[in-house]
Amino acid sequence: MSGISSCPAPAHPHEAPIRVVLAKLGLDGHDRGLKVVARTLRDAGIEVIYLGLRQTTDSIVAACEQEDADVIGLSMHNAGHLTLAPRMVKAARDAALDVPVVIGGIVPAEDVATLISAGVAAVLGPGASAAQVVSTVKAAALQAAGR
Amino acid sequence: MAETMSGIPLDPFYSDGLRPGDYPYTRGLHPTGYRGKLWTMRMFAGFGTAADTNARFHALLRAGGTGLSTAFDMPTLMGRDSDYEWSEGEVGRAGVAVDTLADMEDLFAGIELDKVTTSMTINGPAAILMAMYVVVAEKNGVSRADLGGTIQNDILKEYQAQKEYIFPPRPSVRLITDLIRFTTAEMPRWHPVSISGYHIREAGATAAQELAFTLANGFAYVEAAVDAGLHVDDFAPRLSFFFNAHSDFFEEVGKFRAARRIWATWLKERYGAENPKSLMCRFHTQTAGASLTAQQPENNIARVAIQALSAVLGGTQSLHTDSYDEALALPTEKAARIALRTQQILAHETGAASVADPLGGAHFVEWITDEMVRQAEEIFARIDQLGNGSMLEGVYAGIEDGSFAGEIADAAYRYEREVNAGRRIIVGVNEFTEGDGGESSLLSIGHDTEELQLKRLEQVRSRRDDKAVRASLAALVQAAEQPDINLMAPIIDAVRAYATEGEIVAALESVFGTYVENAVV
């Protein structure tokens, strides 16, 4: 897949590969994008813990703790991102979990700044390429590791 | 008498053999095509509170729309009330919020329910929304027998693709057959199931997978209704389908033609249907939401027009055209109007409606139709084998072992890799990317919608007779425990008492359980 192979793998301090928890938070059932992202990340050597649908902030926090995750990736397609994403950030902070939250899906550009200021690490909007997905997740993991 | 723009007179169809209206209906259901009746321009709408969507309905009817189509928000689709913990942020966002009968009364206020036909896109809790619609009509003095429309009520594709399930497959199919039995007996103008490939395709399936999985689900419902004691000709004339119109024009036309041929052949040969109406695959079509791009969104107007033309030339009975801004948000009123105008241009300016099956007989169109049938039959054979000679059991098995969802995800990933590698060109996305106009104004639903809806729900809860609600829910639980009792009557009783959707679902979950999928990538 040229989109990924052309993306230079950044040197990072992790000995083990980056581990990403992928989930849909709440009621939204659109999982096509999340599944594509899961395979894209795997093909790029990233370990994916796929929780799938109908997850809660508690179940995601628990998975991060158990799996020693580096990044949380949430997919949102129902225009609930302005409520759900900050809820996830807060739940992670409350659990003293220093894991960056990356949001993907249908997020209008005008909402991105709001999400970033609410503590979301990055937003991958509609049309993000495979290379962008991989590099964004890697950058989020690196940044967290550097903290 | 139709003629071309230049005055050349046209026959209703052209043929050197099979004619439109001839079994197995590859060339269409009627010899007169759209001359007798244009397709229904049915625009899907729903957002905010019931009053907001009611205003959009009135606007669409004023603009010349000929049928209503309701989009519900995610909590409603999932059978949860607006005050459920995970409804926060979703109330009224991707569709209209309906918690109780009171919302349904607002949603259809001022609309003559015996004059329009209404489509409701709801599956897991379909029986509850159907009950609400029946009671609203009753309160407006319209008999349920005079109600025309469609409820999607297709749960099998939820496990395969759209993932808006509540209960496990078998009790869910019971609810569907209960609804089929109810409308068969009492609502002769209603379509109790819209067997839907749309979501299967949107989840990433190929055209042949969309075709085959959808029709296989249709066969499964036929078997389930026959098992429930109905004769195939009692209900098959009211079954309808819902397909996607994607971007590969001729493949789509072939798919639509193949759907009619396969349905007619199977209903006659395998299920013994005799009424010609049982053999006719009637379908609604919607253009492919997943094909719309966030980049250069105005390009989507062209995509939608061409996809819509494939549906018209494929002989669709009704059509929804997507709005160009839907890769970004729910459509604005302007974008929804352009989408409707696109259909009106097709209907009145292009001549596409003058002659039935105008592409029939073209070598390529006939070949790709045959190829679609061939690929679908291969998939049917596999499902049939999986179910030991029962398509219903085969579909259950494919849901349980995750093979439907897995095959769809494989196809979605293949497509994505092709786009990323540049082997498939998407204009404005991976080629011809200069000049992105960015986003124009988008529809945004404020947080006040949620507050309004929560207040509304609280009001209904405080005004109703709680004792009557509790009694109706207890009766529903009792009925659910008896597999032979039709649940429509107790659900109608609960709705009439203003039990909330979430309360009714919880009552049913106490008997049926809640489905959790085995997530695999």
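A: Chain A has six helices and five strands, where helices (H or I, at least four residues) and strands (E, at least two) are DSSP runs numbered from the N terminus. Read along the sequence, the elements of chain A follow the pattern α-β-α-β-α-β-α-β-α-β-α. This is a predicted model, in which local features need pLDDT of at least 70 and side-chain atom pairs count only at pLDDT 80 or more, while totals for chains, interfaces and linings use all residues. Residues are numbered from 1 along each chain as its sequence is written, chains are lettered from A and ligands numbered from 1 in the order in which they are written, and side-chain values use heavy atoms, with hydrogens and water left out.

Q: What share of the residues of chain A counts as buried, and what is the rule for that word?
A: Of the 147 residues of chain A, 54% count as buried, the rule being under 20% relative accessible area for buried, over 50% for exposed and partly exposed in between, with a 1.4 Å probe and protein chains only. The accessible surface of chain A comes to about 5800 Å², and 53% of that belongs to carbon and sulfur atoms; such areas come from the Shrake-Rupley method with a 1.4 Å probe, and for residues only the protein chains shown count as cover.

Q: Why is A:Lys35 called buried, and what makes its pairing with A:Asp31 a salt bridge?
A: A:Lys35 is called buried because its relative accessible area is 8%, and A:Asp31 counts as buried at 4% relative accessibility. A salt bridge is a side-chain nitrogen of Lys or Arg within 4 Å of a carboxyl oxygen of Asp or Glu, and the closest N and O atoms of A:Lys35 and A:Asp31 are 4.0 Å apart, so the pair is listed as a salt bridge. By this rule the count over all chains comes to 46 salt bridges.

Q: Why is chain B called as compact as a globular protein of its length?
A: Chain B has 20 helices and eleven strands. The radius of gyration of chain B is 22 Å, close to the 24 Å that the globule rule gives for 521 residues, so chain B is as compact as a globular protein of that length; the radius is taken over C-alpha atoms, and the rule is 2.2 Å times the number of residues to the power 0.38. Along its principal axes the C-alpha trace of chain B spans about 70 × 55 × 50 Å, and buried residues make up 61% of the 521 residues.

Q: How do you know which residues of helix H19 of chain B are buried, and what covers them?
A: In H19 (residues 488-496) of chain B, B:Met488, B:Pro490, B:Ile491, B:Ile492, B:Ala494 and B:Val495 are buried. Their cover includes helix H3 (101-107), helix H4 (126-139), helix H6 (169-186), helix H18 (466-480) and helix H20 (501-512) of chain B.

Q: What makes B:Arg496 and B:Asp493 a salt bridge, and why are both called partly exposed?
A: The side chains of B:Arg496 and B:Asp493 meet at 3.7 Å, N to O, in a salt bridge. Both residues lie in helix H19 of chain B, three residues apart, about one turn of the helix. B:Arg496 counts as partly exposed because its relative accessibility is 33%, and B:Asp493 counts as partly exposed at 44%.

Definitions and conventions:
Contact means heavy atoms within 4.5 Å.
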